Amino acid sequence: MIEVGETMGELPTNKIVFCERSWKTPVSILAFLIFVTFAWGIYLLDHYDEDDNFHGADDLSVGQFLVRNIAMPHVQRLYHTVPPAVVGVGGGGVNAGPVASGAIVGANGYVITTLHSVSNLPEISVQVATTGGIRRFPAQVVKTIPGHDLALLKMQTTEKFLHFRMADVQTVVPGQQVFAFGRNMAGAPLVRQGLVQSADAPLAVGATQITHLLRSDAVYSWEQTGGPLVNAQGDLVGINIAATGPTGKVEGFTVPAQVIVSHLQDVVRFKKG
């Protein structure tokens, strides 16, 4: 049986009083940190895929930009990121369409294309795709490599451009996945995924016999002539030459990156992947 009665003597005192502790300062700091974290997350989601939010984005190579632009699946990122560095090359007329494609290989406007495409043009313009549409820049031939049907152009501007790093072609082997880019007559980008078929193929361009070329089934159109062949990292494997095969179909050849570097490194400071 439990008896209920009065408690005699003094009750014990609680020595731990929560409200007397200094809790306002740490809680305020925690709330501030949470706010900053959410604000930063919202900013990244809203701006992460825009070029202007990368410090020095106008001096990035395609490969460097691919590493930063992680908002898309890999192949989709490649298709999205490479075209700004792929140009159309044509005459100087206002309405002149491209006669070949080209690849920007220097941030200050150096472009490589095929020599036979520009050798008879009295004036040359390079058509660059921008967020505001196609822009035309006058260009001049800086150097030619007749033995490999290549021409180095320089756009006459002080603007900076997204450009290609040079791939290590010594590691390219038959069966490796590659992507051939170009621009059609309307200036729209075109691309085909394919495989390297041979790493030492010959080709006759007019009276010139070119050797040590890559063969790839990624090149399927004349509009890819002068355009870049790139690897999965977005680095330049070489410059494409479309030729007519024995059956009348287009066959794809590529002047490899090490040939480009060896002949043009006295003019262009290439980035290497």
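Reply: Val-36 is partly exposed, because its relative accessibility is 38% (buried is under 20%, exposed over 50%, partly exposed in between; 1.4 Å probe, protein chains only). The model is predicted, with local features requiring pLDDT of at least 70 and side-chain atom pairs 80 or more, while totals for chains, interfaces and linings use all residues. Numbering starts from 1 along each chain as its sequence is written, and side-chain values use heavy atoms, without hydrogens or water.

Val-36 belongs to helix H1, residues 24-47 (DSSP runs: helices H or I of at least four residues, strands E of at least two, numbered from the N terminus). Together with Ile-29, Phe-32, Leu-33 and Phe-35, Val-36 makes a nonpolar surface patch of about 520 Å² (residues over 30% relative accessible area without a salt bridge; nonpolar side chains joined within 5 Å, like charges within 9 Å; Shrake-Rupley areas, 1.4 Å probe, with only the protein chains shown as cover for residues).

Turning to charged residues, the structure holds four salt bridges (Lys or Arg side-chain nitrogen within 4 Å of an Asp or Glu carboxyl oxygen). One of them joins Arg-135 to Glu-159 at 2.8 Å, N to O. Arg-135 sits in strand E5 and Glu-159 in the loop between E6 and E7, so this pair ties together parts 24 residues apart in sequence. Arg-135 is partly exposed at 35%, and Glu-159 at 30%.

Arg-165 and Asp-235 form another salt bridge, with closest N and O atoms 2.8 Å apart. Arg-165 lies in the loop between E6 and E7 and Asp-235 in the loop between E10 and E11, 70 residues apart. Both Arg-165 and Asp-235 are buried.
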